[in-house]
Amino acid sequence: MGSPLESLDLIDGPAIAERVPMRAAVDAVRRVLRGGYDPDADPPRSVVDVRQGQLLLMPSELGRWVGQKLATVAPANPARGLDRIQALYVLIDAETLAPVAVLDGTELTNLRTPAVSAAALDVVAEPDAATLVVFGTGPQGVRHVEAMRAIRPIERVRFVGRDPGRARRAVASVAGTGLDVAVGTAADIADADLVVCATTAREPLFDGALVPRHAAVVAVGSHEPAARELPGDLLARSHVIVESERVALAEAGDVILAVSEGRLAADALVTFSELFDGPPVASDRPRVVKTCGMGWQDLAVAPLALADGRGG
């Protein structure tokens, strides 16, 4: 018997970017959820605190594949010029449990997170949504522009960030794509159809009253019970959609804090399972999607990066 390394496919970030367009990633997430998968059945992720941050272990099984992501969260890394979140992903054959490929988990995360956002917002956002405000100027903020353009006719984008230089670089990264894109402020929310929050904030980023009734909001920036990007008053007047009730009530500070403040009832949450296999969510008030990241999301997308097309 040979070493498992002999037949292992090593897939770097550029290969993932070349082989898996954003639209394909969105469709892969949608197929899993439309196929009846219940995210509440996903194995819990382990979060281990270490001196400079956290280790995240995220296993999952979908059909013919098993996967395991090892991610690290290092809050001080952006100041070092490094990604805050870094990861490796191991794709495993579900029948033999033999490792098949190791992927750049950082690129996979930067792809699947906006793909999950887009799959959910495609269900609840207004069909003609054209104006987008993005809080966050890092990779997730930028990739969410790509994801929103995959599902809606986006024309105007405003990036909002604490660092003016990084905000200008985010604008430059999507300039020349035919968009009206610029650095903005929280006030731009008043005219927004879509709002993306992809930051490391621990306190609300804006006044919830700014969000129009027709708008859809997604928050992806935190998975800690005491951290939030969204104000409780926004959740109080919105339909709140979560990946999994179990995960939301254990990790999603935006949800946990709103519930503890009496602004949101835990039994009012709409899960992904209900969103994709239940009655439509009414558009009579804002729709808020809060995600923390789960193992099934990586596994939905990772097989698409195989060179032989087995995961397509």
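# Cavity, pocket and helix packing

Student: How many cavities of 30 Å³ or more turn up in a search of the whole structure?
Tutor: One. A cavity is a set of points on a 1 Å grid over the protein atoms alone where a 1.4 Å probe fits but cannot get out. This is a predicted model, where local features need pLDDT of at least 70 and side-chain atom pairs 80 or more, while totals for chains, interfaces and linings use all residues. Residues are numbered from 1 along each chain as its sequence is written, and side-chain values use heavy atoms, leaving out hydrogens and water.

Student: What volume does the largest cavity have?
Tutor: About 70 Å³, counted as the space filled by probe spheres set on the points, which are joined across faces, edges and corners.

Student: And which residues line the largest cavity?
Tutor: Asp 42, Pro 43, Pro 44, Arg 45 and Met 58 are among them, and so are Arg 246, Val 247, Glu 251, Gly 293, Met 294 and Gly 295. Helix 8 (residues 245-251) is the top contributor to that lining, with three residues. By type, the cavity lining has five nonpolar, two polar and four charged residues.

Student: Which element gives the most to the lining of the largest pocket?
Tutor: Helix 4, with six residues. The elements giving two or more are strand 3 (53-62), strand 4 (65-73), helix 4 (105-124) and helix 5 (139-151). The pocket lining splits into 18 nonpolar, 21 polar and ten charged residues.

Student: Back to helix 4, then. At what angle do the axes of helix 4 and helix 5 cross?
Tutor: Roughly 40 degrees, with the axes coming within 8 Å. Helix 4 and helix 5 are therefore oblique to each other. On the helix 4 side, the contact includes Glu 107, Asn 110, Pro 114, Leu 121 and Asp 122, and helix 5 brings residues including Gln 140, Arg 143, His 144 and Met 148. That contact has eight nonpolar, six polar and three charged residues.

Student: How do helix 2 and helix 4 cross?
Tutor: At roughly 60 degrees, and the axes of helix 2 (residues 22-34) and helix 4 come within 8 Å. Helix 2 uses residues including Met 22, Val 26, Val 29 and Arg 34, meeting a set in helix 4 that includes Leu 111, Ala 115, Ala 119 and Val 123. Contact means heavy atoms within 4.5 Å. Eleven nonpolar, no polar and four charged residues make up the contact of helix 2 with helix 4.

Student: What about helix 2 and helix 5, at what angle do they pack?
Tutor: About 70 degrees, with the axes 9 Å apart. Helix 2 and helix 5 are therefore roughly perpendicular to each other, a label for angles of 65 to 115 degrees; under 35 is roughly parallel, over 145 roughly antiparallel and the rest oblique. Met 22, Arg 23 and Val 26 in helix 2 meet Arg 143, Glu 146, Ala 147, Ala 150 and Ile 151 in helix 5. The tally for that contact is five nonpolar, no polar and three charged.

Terms used: Helix = DSSP H or I, 4+ residues; strand = E, 2+ residues; numbered from the N terminus. Nonpolar A, V, L, I, M, F, W, Y, C, P; charged D, E, K, R; others polar. Axes fitted to C-alpha atoms, helices over the stretch in contact; angles between N-to-C directions. 1 Å grid on protein atoms, 1.4 Å probe; cavity = no way out; pocket = protein on both sides within 12 Å on 5 of 7 lines; lining within 4 Å.
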